[in-house]
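Work through the exercises below with the structure open beside you. Try each task before reading its solution.

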Amino acid sequence: MSEMSPATGPDAPRGPMTLECRNVSLRFGGVTALADVSLSILSGGITAIMGPNGAGKTTLLNCMTGMMSRYEGSIRLDDVVIDGMAPRRRTQAGLVRTFQMTRVFASLSIEENIFLAGSAVRQVLTQDRCSEVIELIRLQHMRHRSASELSGGQRRLLEIGMCIAQAPRFLMMDEPFAGLNPMMVSTVCELMADFARSGAGVVLVSHEIPLVRRHADRVVVMAQGAVLADGVPEQVLSDPRVAEIYLGGSVARH
Amino acid sequence: MLAAPKWISRRRHLALRADFYLGIATVVAAVVCSLAGVGGAYGISLVAAGLFYATATMGWCLQSGYGGMFSLAPAAIIMIAAYVSAFASNAGWPMGMAVLGGTLSGALAGFIVALATSRLKGHYFALATLVAAEIVRLAVTNEYDVTGGEAGLRTGPLFEGASGVHISLVFAGVLILLLVALLAALRGMPGIAMQAIRDDEGIAAIRGLNVPLVKTLIVVVGSSITAFAGAVYVHYIQLATPQMGSLFQTTFIMSIGIIGGVRSMSGAIVGAALIVGLQEVLRDYPFTHMGLTALAILLVCQFAPAGFAGLLLGRARRIQQRFTVSEHAK
Amino acid sequence: MQHYIEILLNGLVSGGYYAAMAAALSLVFGINKVVNFAHGEFIMVGGFAYFTAATFIGPFPAYIAAFVCALVIGYVFHLFVFRRRSLDASQGFSPGEYQIITTFALGMLLLNGALMVYGPDIHSVAPAIDLPRVRSSVLFISGPRLFGLIQCFLYLALLYLFLTRTSLGRLLRAASQNPAAMSTLGVDADRFDRNVFAACCGLAGLTGAFIAPVFAVYPEAGAAFALKSFVVVVLGGFGSFTGTIVGGLLFGVIESFGGALISSAYKDVFGFVLLLVVLLVSPNGLLGERVRGV
């Protein structure tokens with residue numbers, strides 16, 4: 001691996017940046033998916049978002065990346081309002097995400113996937129950078145294999161690689177550990193940590209409490225579309241209300 | 001020839017190269033037949049028609065196969081280009097300008113359709129193009145004063161003394177240029193981007209690709225190629241008629257594309273050779289010809305979606321593999 | 001004024017035919033989500049089957065012949081062509097493209113098959129029952145046209161009753177609203193699809209028999225039938241049955257007024273322009289309910 005820190009692409013992000021949600025609400029018919037969420041995420045660290053199923057974690061990611069655009073309130077990237085921006089523009093502005101159900105281009109090879117993702121946002125990716133990313137995700141032995149032939153875990157790594165190739169300011173990962181074997185989990189953790197250290201922001205949606213405790217700098221717990229607790233992992237994860245959620249009790253909003 | 005970037009998978013590189021050579025070989029074979037005068041004057045006109053269909057279908061394949069926007073209007077594009085080209089040359093424009101004008105008008109028609117139907121997908125896009133094509137054809141048929149109606153519009157030859165051989169050479173030259181350009185594009189970012197959009201349009205947009213732009217470009221380039229074929233061919237048969245834009249003509253082009261292989265560069269060329277050849281064999285039985293063609297489409301869809309070109313290339317790959325294996329065994 | 005009423009009534013009469021023509025297409029789109037590009041040819045085949053059978057077994061059994069003939073073709077087509085739809089995504093076609101191509105090719109096959117058997121000539125067909133013509137100050141309908149209209153009306157009414165009043169009809173409507181739920185109800189999706197497709201093809205053939213005395217029978221009629229049906233289905237909002245009837249009548253009236261007041265040469269164009277406008281402005285059709293994703 002090169003001496004460069006892994007995230008340092010041609011356009012490595014510099015200085016702290018903020019991704020800010022101000023009073024974001026979203027309703028589907030009568031169901032409230034997000035209720036007045038205000039959240040400011042700083043780059044340079046890993047922010048974990050936790051909460052029971054249906055708490056609105058993925059919906060929040062969808063709003064931030066522009067896949068859902070009919071929310072109320074506003075989302076800002078470094079004080080620039082990005083509400084009207086299409087997902088493509090937000091990706092180019094540096095908001096990049098992975099999906100719970102991995103989405104890669106099935107008929108392209110690993111290397112082509114990485115190359116395409118990297119070249120779609122800025123200038124054409126260099127061959128060196130492309131190989132570097134493939135080494136980071138530890139798939140160099142099968143770089144020409146088409147994505148449709150990969151296992152679920154390898155596909156997940158590929159998707160993360162594609163995101164890294166885009167040198168984002170904020171990398172949002174939706175359940176990145178689901179279906180990964182322990183070795184891949186440690187690869188992803190390493191990638192995440194290196195990435196955050198390089199100055200970019202990582203938003204991690206996950207249920208894996210031990211991993212979150214070990215890696216996250218900050219934990220945000222959501223329930224029923226609202227932020228329930230927010231703070232450093234030890235403090236938040238020992239909060240009795242949070243414990244109640246993970247024990248399965250329903251928590252009345254207050 | 002034409003170095004591929006390193007990040008392209010070897011499989012794709014080999015497949016594209018074989019595809020390219022198959023296209024070139026078929027074009028060259030057709031030109032040799034034409035120059036040698038196989039089948040006399042009739043054979044020459046047959047080769048010219050085949051190369052015309054190959055060019056027109058290549059544009060359609062680019063749009064419908066690679067671009068994934070299944071158009072039922074290639075004949076209308078040909079007709080528009082043919083009429084514009086005929087009008088322009090009749091009005092005294094130099095032939096090059098007339099053909100260019102015809103090509104651009106077809107491209108414009110494609111652009112308008114792409115713009116208007118950017119929200120439509122699959123069935124709806126096909127339906128919209130089908131109906132738009134019918135509207136244009138009916139307009140051309142009915143505006144007798146301008147277009148000459150069913151009787152058609154007469155026009156001059158491409159140049160003084162232009163024969164079927166010359167027309168064939170023009171089409172062959174353009175086809176080879178197109179093959180080279182396509183090979184370069186498909187082995188680079190444009191080819192990968194098109195493939196990605198076909199795989200998953202939604203995620204392609206999220207990953208930062210400008211999907212509407214790419215799709216519009218494909219339609220415009222595809223329509224231009226189809227239009228060019230029409231703009232030149234009208235000066236070979238020296239008559240523009242509404243029949244050029246008929247549903248039958250669309251069916252013919254679609255058949256060539258699908259039987260040849262919509263997602264291969266050589267598909268249109270191989271398909272044109274097959275279908276025009278079959279038409280010649282069954283010259284006295286046109287209905288049998290189209291019936292068999294329809295049957296062939298159904299069979300291709302079921303058993304060989306890569307088309308006849310795909311079958312040929314697959315066979316070639318297997319033979320090549322056998323050779324490489326035996327070399328390793330030594 | 002009288003003139004306009006005459007145009008309106010003529011339009012409604014044509015509209016009745018168009019609605020009947022499009023009903024089967026609308027059903028198969030609603031339930032199977034297939035745009036059958038061979039729909040016009042199925043109507044044509046029904047017409048020929050009726051035409052041929054009527055001379056041997058009399059007009060009323062010939063209706064059954066038209067229905068069965070189209071049904072069998074549809075069944076066999078579905079059995080052999082629509083069975084395996086999961087083709088390799090990179091090399092093959094997407095399911096949508098596959099449907100367009102194969103139904104289009106089926107249309108070609110039927111067209112050229114009919115041309116081989118019957119030749120390109122136009123055959124006129126006598127109606128099963130000779131009705132007197134209706135002549136009034138605002139409406140003139142010939143006997144065959146009147147009989148055809150009555151058949152179309154009965155056909156649509158029976159189809160409507162079937163869809164709303166019988167349990168099978170309600171099941172079909174449920175299927176059109178939520179295809180995914182069908183498989184969870186334990187219905188064999190493939191067989192269900194095939195039976196519906198074949199039945200709709202059979203109905204298209206039956207329509208062909210109804211309208212054969214009005215529009216005459218010839219192989220190339222299919223394209224016109226198909227285009228008219230597409231217009232009706234798009235106007236009616238893709239797969240909604242009442243929408244199809246309203247769409248058909250609307251189309252008939254628009255065509256009639258356009259042909260009479262603007263240009264008779266462009267009679268067909270009005271419907272096509274309307275289809276394009278509707279597709280472009282509201283891709284769910286003029287009268288269609290908004291389709292919600294799950």
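**Exercise 1.** Are helix 13 of chain B and helix 4 of chain C roughly parallel or roughly antiparallel to each other?

*Solution.* The model is a predicted one.
Step 1: take the angle. Helix 13 of chain B (286-303) packs against helix 4 of chain C (residues 95-118) at about 155°, and the axes are 8 Å apart.
Step 2: apply the cut-off. Angles over 145 degrees count as roughly antiparallel.
Step 3: conclude. The two helices are therefore roughly antiparallel to each other.
Step 4: Helix 13 of chain B crosses helix 4 of chain C in a left-handed sense.
Step 5: find the residues. From helix 13 of chain B, the contact includes B:F287, B:M290, B:A294 and B:L298. From helix 4 of chain C, it includes C:Y98, C:I101, C:A105 and C:M108.
Step 6: sort by class. This contact has 14 nonpolar and five polar residues, and no charged ones.

**Exercise 2.** Describe the side of chain B that touches chain C.

*Solution.* Step 1: count. In chain B, 35 residues are in contact with 35 residues of chain C.
Step 1: list the elements. Helix 5 (122-142), helix 11 (247-260) and helix 13 of chain B each give two or more residues to this side.
Step 2: find the largest share. Helix 5 of chain B supplies it, with twelve residues.
Step 3: sort by class. The side of chain B that touches chain C has 22 nonpolar, nine polar and four charged residues.

**Exercise 3.** Which word describes the relative direction of helix 2 and helix 4 of chain C?

*Solution.* Step 1: take the angle. The axes of helix 2 (residues 39-57) and helix 4 of chain C cross at roughly 25° and come within 9 Å.
Step 1: apply the cut-off. Angles under 35 degrees count as roughly parallel.
Step 2: conclude. Helix 2 and helix 4 of chain C are therefore roughly parallel to each other, and their crossing is left-handed.
Step 3: find the residues. Helix 2 of chain C contributes C:G40, C:E41, C:M44, C:V45 and C:F48. Helix 4 of chain C contributes C:G107, C:L110, C:L111, C:A114 and C:Y118.
Step 4: sort by class. The contact of these two helices has seven nonpolar, two polar and one charged residues.

**Exercise 4.** Trace the open sheet of four strands in chain A.

*Solution.* Step 1: write the order. It is 2-1-4-5, with antiparallel pairing.
Step 1: Strand 2 (31-42) and strand 5 (80-81) of chain A each pair on one side only.
Step 2: look at one pair. Strand 1 (residues 18-28) and strand 2 of chain A are joined antiparallel over eight bridges. A:T18 has A:L42 of strand 2 as its bridge partner.

**Exercise 5.** Which strands stand at the edges of the open sheet of six strands in chain A?

*Solution.* Step 1: write the order. It is 6-7-8-3-9-10, with mixed pairing.
Step 1: read the ends. Strand 6 and strand 10 (226-231) of chain A each have a single partner strand, so one side of each has no neighbour in the sheet.
Step 2: look at one pair. Strand 9 (residues 218-223) and strand 10 of chain A run antiparallel and are joined by five bridges.

**Exercise 6.** Is A:M101 buried or exposed?

*Solution.* Step 1: locate the residue. A:M101 lies in the loop between strand 6 (95-97) and helix 3 (110-121) of chain A.
Step 1: compare with the cut-off. A:M101 has 8 C-beta neighbours inside 10 Å, so A:M101 counts as exposed.

Note on methods: Residues numbered from 1 in each chain as written. Chains lettered and ligands numbered in written order. Predicted model: local features only at pLDDT ≥ 70, side-chain atom pairs only at ≥ 80, totals over all residues. Contact = placed C-beta atoms within 7 Å. Nonpolar A, V, L, I, M, F, W, Y, C, P; charged D, E, K, R; others polar. Pairing = 2+ DSSP bridges. Axes fitted to C-alpha atoms, helices over the stretch in contact; angles between N-to-C directions. Parallel < 35°, antiparallel > 145°, perpendicular 65-115°, else oblique. Left-handed = near helix turned anticlockwise from the far one by under 90°. Buried ≥ 20, exposed ≤ 12 C-beta atoms within 10 Å, placed from the backbone.
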